[in-house]
Amino acid sequence: MLETNTAFQTTADKPKVRNVGFLLISNFTMMALAAAVEPLRMANQLSGKELYNWCTISEDGNQIAASDGISITPDSAMLESLTLDVLIVVGGVNITRSYSTRQISWLQAMARKKTLLGGVCTGPYLLAEAGLLDGYHCSAHWECIASMQELYPKVICTNQLFVIERDRMTSSGGTVPMDMMLHLIQRDFGYKLTTAISEMFICDRVRDQSDYQRIPLRHVLGTTQPTLVEVVSLMEANIEEAIELDDLAKYVGLSRRQLERLFQKYLHCSPSRYYMKLRLFRARQLLKQTSLSIIEIALACGFISTPHFSKCYREYIGIPPREERKGKGNRDEDKKFSQLIITDLPGLASKNEESLLSLSLRVLGEARYEPTYGSVPLPLT
């Protein structure tokens, strides 16, 4: 899937500087942003050259709050005049309530300019909403994959850590954006520089596109119960059409009684109850993240009727599906709450493009006296 972008070329005397923009969505994840930016900084430091320049962007150029409550002042507002080789959407918490139609339109305009587009954490959700991932394989944080599969059937959602395909690159959250950016740097400047960057960040293994997000259960059980993990994986992959417990047991070479004992010992419930919880958790995601009707969600989660779905949801979750959905309509109150920090600390006016292009040079100048400065020579051919 990794393909060469012919827009990125080097000359005989110096490399072409790649301009990378990061569109910050309200409640973006600070870790995802840092993991994506820092490899670019280190590529410049280790080469002693300005290989990459980067800037942060918000819709209006005003301060924007991350999911941890820290506000930052971006370098620019969304401008048609911005010259970018790469534009990455940085998402985070409550992504379905955090974006605007203006941001979607701007992403579509940047796509028409043949910009390489990317998304990290829940950022791919916006690219899908803009119709910019149709026909592409896509990675995103596991929390929003279910809703993306339902809402955007033309997008090929995967559980891969990240995907670089043609002129799109998408990544799940946490530290994974660093792996994706290291692969981008390797494509642009070679393996030697990428290896040096990973050594500087004490990263003992750079993950690639064949690595997958680990389901939450593995974090609890580790590798001690592979059969149980396999059964739960089968359950998760068959939400709409549930598999009978006898068939599940047969698939993993156990009797139904052995399967029930395994669930009771490690998950403290029966297989059928666990399966029901998985289906209702998926339903809760769809209620909160999509505008699908309740009957559509019931069918997507393997329930034969709305009354049965509502009864089970109320018993397990504690409130009816319609009450759960009411929170989705309080968009004005949510916006008012999320803007409290921003209104107390009004942002600065947008900087001009000349000041944006000097950011990476300023950072590179500050690193000039580091012992690693210019330690990785680049073949400029």
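Are Phe-263 and Tyr-274 buried or exposed? Phe-263 is buried, and Tyr-274 is buried as well; buried means under 20% relative accessible area, exposed over 50%, and partly exposed in between, with a 1.4 Å probe and protein chains only.

The model on display is predicted, so local features need pLDDT of at least 70 and side-chain atom pairs count only at pLDDT 80 or more, while totals for chains, interfaces and linings use all residues. Residues are numbered from 1 along each chain as its sequence is written, and side-chain values use heavy atoms, with hydrogens and water left out.

**The whole chain**

Display the protein chain first. It holds 18 helices and 11 strands; helices (H or I, at least four residues) and strands (E, at least two) are DSSP runs, numbered from the N terminus. Of its 381 residues, 50% count as buried.

**Aromatic pairs**

A pair of aromatic rings is described by the distance of the centres and the angle of the planes. Rings of Phe, Tyr and Trp (its six-membered ring) pair if their centres lie within 6.5 Å; planes under 30 degrees apart count as stacked, over 60 as edge-to-face and the rest as tilted. The count by this rule is 6 aromatic pairs.

Select Tyr-52 and Phe-189. Their ring centres are 5.8 Å apart and their planes stand at 85 degrees, so the pair is edge-to-face. Tyr-52 belongs to strand β2 (residues 52-58) and Phe-189 to helix α5 (residues 176-189), so that distant parts of the chain, 137 residues apart, are linked. Both residues of this pair, Tyr-52 and Phe-189, are buried.

Return next to Phe-263 and Tyr-274. With ring centres 5.7 Å apart and planes at 65 degrees, this pair is also edge-to-face. Phe-263 lies in helix α10 (residues 256-267) and Tyr-274 in helix α11 (residues 271-289), so the pair ties together parts that are 11 residues apart in sequence.

Then select Tyr-99, Tyr-125 and Tyr-152, which form one aromatic cluster.

**Charges over rings**

A charge sits over a ring if NZ of Lys or CZ of Arg is within 6 Å of the ring centre and within 35 degrees of the ring normal. Select Arg-166, which lies over the face of Tyr-136 at 4.0 Å from the ring centre. Continue to Arg-279, whose charged end sits over the ring of Phe-303, 4.3 Å from its centre.

**Val-90**

Finish at Val-90 in strand β6 (residues 86-90). Val-90 is buried, with a relative accessible area of 0%.
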